Amino acid sequence: AAADAGRLRGDLVEHAERMLDDPRASRFLRRFAYEWLRMDRHDGMTINVDQHPDYTRFVKRDMREETFAFFDVVFAEDLPLSTFVDADFAMLNQNLAEFYGVPDVYGAHFRKVAVPASMPERRCGLLSQGSFHVGHSDGTEPHPIKRAVWLKARLLGDEPPPPPPNVPDLDPETPGFDKMTLKQKIESHRDKDSCRDCHAGIDPYGFVFERMSAVGRFQPKRKGVEVDATSTLPDGHEVDGLAGIRAYLVDHAKDDFARSLVEHLFAYALGREVGFADEAEIDDLLEQVRRDGYRARAVIRSIVTSPSFLSK
């Protein structure tokens with residue numbers, strides 16, 4: 001009706017807010033989350049059930065729903081963008097809470113569950129969700145490189161280049177290879193001259209997840225050895241585990257994360273890849289989000305009033 005009356009563009013933000021308040025907005029948010037977070041990798045991952053017998057098809061289903069329900073709440077309540085990284089709650093039902101070891105959650109429905117600061121590797125935000133950890137494992141162990149590449153590409157907007165075609169495989173002849181964790185095997189691999197430079201900019205972002213198993217459970221020991229999740233990032237910041245990388249992203253990479261979300265949602269809204277020609281417009285969108293206090297809906301408000309979106 002507003003379009004027919006020629007009022008749509010003047011009331012666009014109001015209509016966008018109205019649509020986001022409608023339960024049907026969940027369909028849009030879930031499709032975008034699936035694409036942005038590469039949840040297809042979770043759907044396609046086969047887990048070694050001999051190593052992880054409690055990982056059932058129902059757990060897999062609920063991990064998917066955990067991420068979708070989390071997205072719904074962030075946008076429904078217009079929460080700060082930092083919530084994606086460091087929330088004070090998790091979205092859980094009884095089945096998933098029992099799998100993760102979170103007590104006192106009953107019933108099949110998903111709801112916000114407060115997460116105490118004392119919980120080891122606190123279960124809150126995208127970085128602790130099973131859909132991420134499962135999708136970026138090798139089915140048996142966590143895979144630090146896959147997790148690092150996801151973090152850089154999806155959350156920091158810094159897609160690492162693909163490996164060159166002549167990269168050597170992990171060498172099973174390395175002394176003690178069978179007793180090594182995957183992290184230790186990768187560290188041995190990157191000691192080679194042909195691998196060192198590329199891995200130096202990627203691996204530190206993945207080692208922080210080492211205390212999270214292939215199925216997203218807290219795992220302080222692996223193969224009988226205390227897990228080392230400390231890491232020195234390429235810019236020199238030292239971090240330890242999920243708490244360390246969360247603090248780093250919130251305190252030192254706020255704009256990088258906001259820009260990555262803006263870019264991915266902008267591309268989704270336009271139905272095309274963004275490139276160099278879009279940089280100035282994306283800068284403007286990020287500035288609007290910054291002025292709006294880095295809120296979730298600010299990203300959508302900035303995009304629906306952008307010249308590129310209005311010209312579609």
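Helices (H or I, at least four residues) and strands (E, at least two) are DSSP runs, numbered from the N terminus. The structure described here is a predicted model, in which local features need pLDDT of at least 70 and side-chain atom pairs count only at pLDDT 80 or more, while totals for chains, interfaces and linings use all residues. Residues are numbered from 1 along each chain as its sequence is written, and side-chain values use heavy atoms, with hydrogens and water left out.

The chain contains 16 helices and six strands. Of its 312 residues, 49% count as buried, where buried means under 20% relative accessible area, exposed over 50%, and partly exposed in between (1.4 Å probe, protein chains only). Among contacts (heavy atoms within 4.5 Å) with a separation of 6 or more, 65% join residues 24 or more positions apart.

The loop between α6 (94-100) and β2 (111-114) holds D104 and also G107. For D104, phi is near 65°, a positive value in a residue other than glycine; D104 counts as exposed, at 63% relative accessibility. G107 is partly exposed, at 26% relative accessibility. When residues up to four places away in sequence are not counted, G107 touches N93 and Q94. The C-alpha atoms of G107 and Q94 are 5.3 Å apart, and the two residues are separated by 13 positions in sequence. A positive phi, of about 55°, is also found at K223, which is not a glycine. K223 is placed in the loop between β3 (221-222) and β4 (225-226) and is partly exposed, with a relative accessible area of 43%.

Helices α8 (residues 144-155) and α13 have axes that come within 8 Å and cross at roughly 75°, which makes α8 roughly perpendicular to α13. Axes are lines fitted to C-alpha atoms, for helices over the stretch in contact, and angles run from 0 to 180 degrees between N-to-C directions; angles under 35 degrees count as roughly parallel, over 145 as roughly antiparallel, 65 to 115 as roughly perpendicular and the rest as oblique. In this contact, A153, R154 and L155 of α8 meet D256, F257, S260 and H264 of α13. The contact comprises three nonpolar, two polar and two charged residues (Ala, Val, Leu, Ile, Met, Phe, Trp, Tyr, Cys and Pro count as nonpolar, Asp, Glu, Lys and Arg as charged, and the others, Gly among them, as polar).

Grid points are joined across faces, edges and corners, and a volume is the space filled by probe spheres set on the points.

The largest pocket has a volume of about 660 Å³. It is lined by 22 residues, of which A16, M19, F28, V304 and F309 are the closest to its centre. Helix α1 gives the largest share of this lining, six residues. By class, the lining of the largest pocket consists of 15 nonpolar, one polar and six charged residues.

Residues lining the largest cavity include L37, H42, F132 and W150. Helix α7 (residues 130-135) supplies the largest share of that lining, three residues.

Note on methods
1 Å grid on protein atoms, 1.4 Å probe; cavity = no way out; pocket = protein on both sides within 12 Å on 5 of 7 lines; lining within 4 Å.
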